[in-house]
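Here is a short report for a reader who is new to this structure. Please keep the sequence and the 3D view at hand while reading.

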Amino acid sequence: MTKLNCNVKNCYFNKELKCCLDGIKVGGEDATATDATFCGSFKERLDRQSAKACHCDGSPEKSLHVGCNAVKCVFNDNKDCHATKITIQGNGAKHESQTLCASFQYQ
């Protein structure tokens with residue numbers, strides 16, 4: 001399991017800079033740079049939804065499964081992320097393409 005820090009505060013699944021999902025998917029199959037990656041699990045929190053709208057019943061996940069289509073990343077092993085910790089960035093994103101995996105490292 002990978003520790004996830006999520007700086008996308010306006011994501012529906014973000015609570016306390018962690019993720020309420022039990023796993024996420026990082027996209028960017030042809031990525032050779034960080035800005036070509038994205039969080040495929042991103043869902044924009046609308047203005048009328050508060051941070052409490054997140055479906056977490058308790059605490060958000062500190063470690064979770066990260067599926068990864070960024071196959072040129074050094075942490076990718078058969079489309080699973082094996083980094084100890086990653087950070088997702090893109091606060092204020094309206095679409096998944098405005099997020100990125102800041103931990104991406106090109107092989």
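The report below goes through strands, loops, rings and charges in turn.

This is a predicted model.

**Strands**

Start with strand β1, residues 2-6. Strands β1 and β9 run parallel and are joined by four bridges. On to β10: strands β9 and β10 run antiparallel, and two bridges join them. Ile88 takes part here too, with Cys101 of β10 as its bridge partner. In a regular strand, side chains alternate between the two faces of the sheet.

Thr99 sits in the loop between β9 (85-89) and β10 (100-101). Is Thr99 buried or exposed? Its relative accessible area is 2%, so Thr99 is buried. The side chain of Thr99 has a polar atom 2.8 Å from the backbone nitrogen of Cys39. The side chain of Thr99 also reaches the backbone oxygen of Glu96, at 2.6 Å. Beyond its neighbours within four places in sequence, Thr99 is in contact with residues including Val8, Phe38, Cys39, Phe42 and Ile88.

Ser103 lies in the segment after β10. Ser103 is buried because its relative accessible area is 16%, and the cut-off for buried is under 20%. A polar atom of the Ser103 side chain lies 3.0 Å from the backbone nitrogen of Thr87. Leaving aside neighbours within four places in sequence, Ser103 is in contact with Phe75, Lys85, Ile86 and Thr87.

| Side chain | Backbone atom | Distance |
|---|---|---|
| Thr99 | nitrogen of Cys39 | 2.8 Å |
| Thr99 | oxygen of Glu96 | 2.6 Å |
| Ser103 | nitrogen of Thr87 | 3.0 Å |

**Asn69**

Now look at the loop between β6 (63-68) and β7 (76-77), where Asn69 lies. Asn69 has 24% relative accessibility, so it counts as partly exposed.

**Aromatic rings**

A pair of aromatic rings is described by the distance of the centres and the angle of the planes. The structure holds one aromatic pair. Tyr12 and Phe13 form this pair, with 5.3 Å from centre to centre. The planes are 85 degrees apart, and the pair is edge-to-face. Both Tyr12 and Phe13 are buried. Tyr12 has a charge over its ring as well: the charged end of Lys43 sits there, 4.3 Å from the ring centre.

**Salt bridge**

Side chains of opposite charge can pair when their charged atoms come close. How many salt bridges does a search of the whole structure find? The search finds one. Lys94 and Glu44 form a salt bridge, and their closest N and O atoms are 3.3 Å apart. Lys94 lies in the loop between β9 and β10, and Glu44 in the loop between β5 (38-39) and β6, so the pair ties together parts that are 50 residues apart in sequence. Lys94 counts as exposed, because its relative accessibility is 57%. Glu44, at 23% relative accessibility, counts as partly exposed.

Conventions: Residues are numbered from 1 along each chain as its sequence is written. This is a predicted model: local features need pLDDT of at least 70, side-chain atom pairs count only at pLDDT 80 or more; totals for chains, interfaces and linings use all residues. Side-chain values use heavy atoms; hydrogens and water are left out. Rings of Phe, Tyr and Trp (its six-membered ring) pair if their centres lie within 6.5 Å; planes under 30 degrees apart count as stacked, over 60 as edge-to-face and the rest as tilted. Buried means under 20% relative accessible area, exposed over 50%, partly exposed in between (1.4 Å probe, protein chains only). A charge sits over a ring if NZ of Lys or CZ of Arg is within 6 Å of the ring centre and within 35 degrees of the ring normal. A polar contact is a pair of N or O atoms within 3.5 Å; within protein, one must be able to donate a hydrogen and the other to accept it, and residues adjacent in sequence count only if both atoms are side-chain atoms. Contact means heavy atoms within 4.5 Å. Two strands pair if DSSP finds at least two bridges between them. A salt bridge is a side-chain nitrogen of Lys or Arg within 4 Å of a carboxyl oxygen of Asp or Glu.
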